[in-house]
Structure formats: C-alpha cells, structure tokens
Amino acid sequence: MSLRGRFAGSTPLQLLLTAERIALLTGRDIDLAMWVLCAWCGLRWGELMGLQRQPSRAPS
C-alpha cells in the first residue's frame, strides 16, 4: 500500500503527529520534514528520495 492510501483520510494534525513520532523514533530531525512533505504532497518515499527504477538488462 502506498502512502497515498495510508494518509488519505488523515487530518493535517494527524500527519504532523505521525511525522513527529517518526522523527523521535529515528532520532533524525530531517525525518519530520521529509514525512510531512511526503504525506502533504502524496508522494511515495522513493519518489521523495529521487529513486528511479533501473531498467532490466537483456541477457547477453
């Protein structure tokens, strides 16, 4: 399930509280900003981090 589905019915306060809890559990302040941005924009974590699918190589 993507984040879009998990946070679809959440209020802004719930999103902030969830992001704050994640930041406290990981011990990294940047996680607060990343999760708020992720939930607010409806992004998946990989999209936020800039990860891209790698094309599969054809067997040689």
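Colleague: Is L17 buried, exposed or partly exposed?

Modeller: This is a predicted model, and in it L17 counts as partly exposed, because its relative accessibility is 47%. The buried class would need a value under 20%, and the exposed class one over 50%. As for its place in the fold, L17 sits in helix α2.

Colleague: How far is L17 from L32, in sequence and in space?

Modeller: Along the chain, L17 and L32 are 15 residues apart, and their C-alpha atoms are 9.4 Å apart in space. L37 belongs to helix α3 and counts as partly exposed, because its relative accessibility is 39%. From L37 to L15 there are 22 residues in sequence and 9.9 Å in space, C-alpha to C-alpha.

Colleague: Let's go on to the helices. How do I read the packing of α2 and α3?

Modeller: The general idea first: two packed helices are described by the angle between their axes and by the distance between those axes. Here, helix α2 covers residues 12–26 and helix α3 covers residues 30–41. Their axes come within 8 Å, and the crossing angle is roughly 145°. The hand of the α2 and α3 crossing is right-handed.

Colleague: Which residues of α2 and α3 meet?

Modeller: From α2 the contact takes in P12, L15, L16, A19, E20, I22, A23 and T26. On the α3 side these meet D31, L32, W35, V36, A39 and W40. Sorted by class, the α2 and α3 contact has 11 nonpolar residues, 1 polar residue and 2 charged residues.

Colleague: And M34, which residues is it in contact with beyond its neighbours within four places in sequence?

Modeller: With those neighbours set aside, M34 is in contact with W45, L48 and M49. M34 itself lies in helix α3. For the pair M34 and W45, the separation is 11 residues in sequence and 8.7 Å between C-alpha atoms.

Colleague: Are C38 and C41 buried, exposed or partly exposed?

Modeller: C38 counts as buried, because its relative accessibility is 1%. C41 is partly exposed, because its relative accessible area is 45%.

Colleague: To finish, how many helices and strands does the protein chain have?

Modeller: The protein chain has 4 helices and 0 strands. Read from the N terminus, the order of elements is α-α-α-α.

Colleague: What do the totals for the protein chain say about burial and surface?

Modeller: The chain has 60 residues, of which 20% count as buried.

Note on methods. Residues numbered from 1 in each chain as written. Predicted model: local features only at pLDDT ≥ 70, side-chain atom pairs only at ≥ 80, totals over all residues. Heavy atoms only, no water. Axes fitted to C-alpha atoms, helices over the stretch in contact; angles between N-to-C directions. Helix = DSSP H or I, 4+ residues; strand = E, 2+ residues; numbered from the N terminus. Left-handed = near helix turned anticlockwise from the far one by under 90°. Contact = heavy atoms within 4.5 Å. Nonpolar A, V, L, I, M, F, W, Y, C, P; charged D, E, K, R; others polar. Buried < 20%, exposed > 50% of the residue type's maximum accessible area, 1.4 Å probe, protein only.
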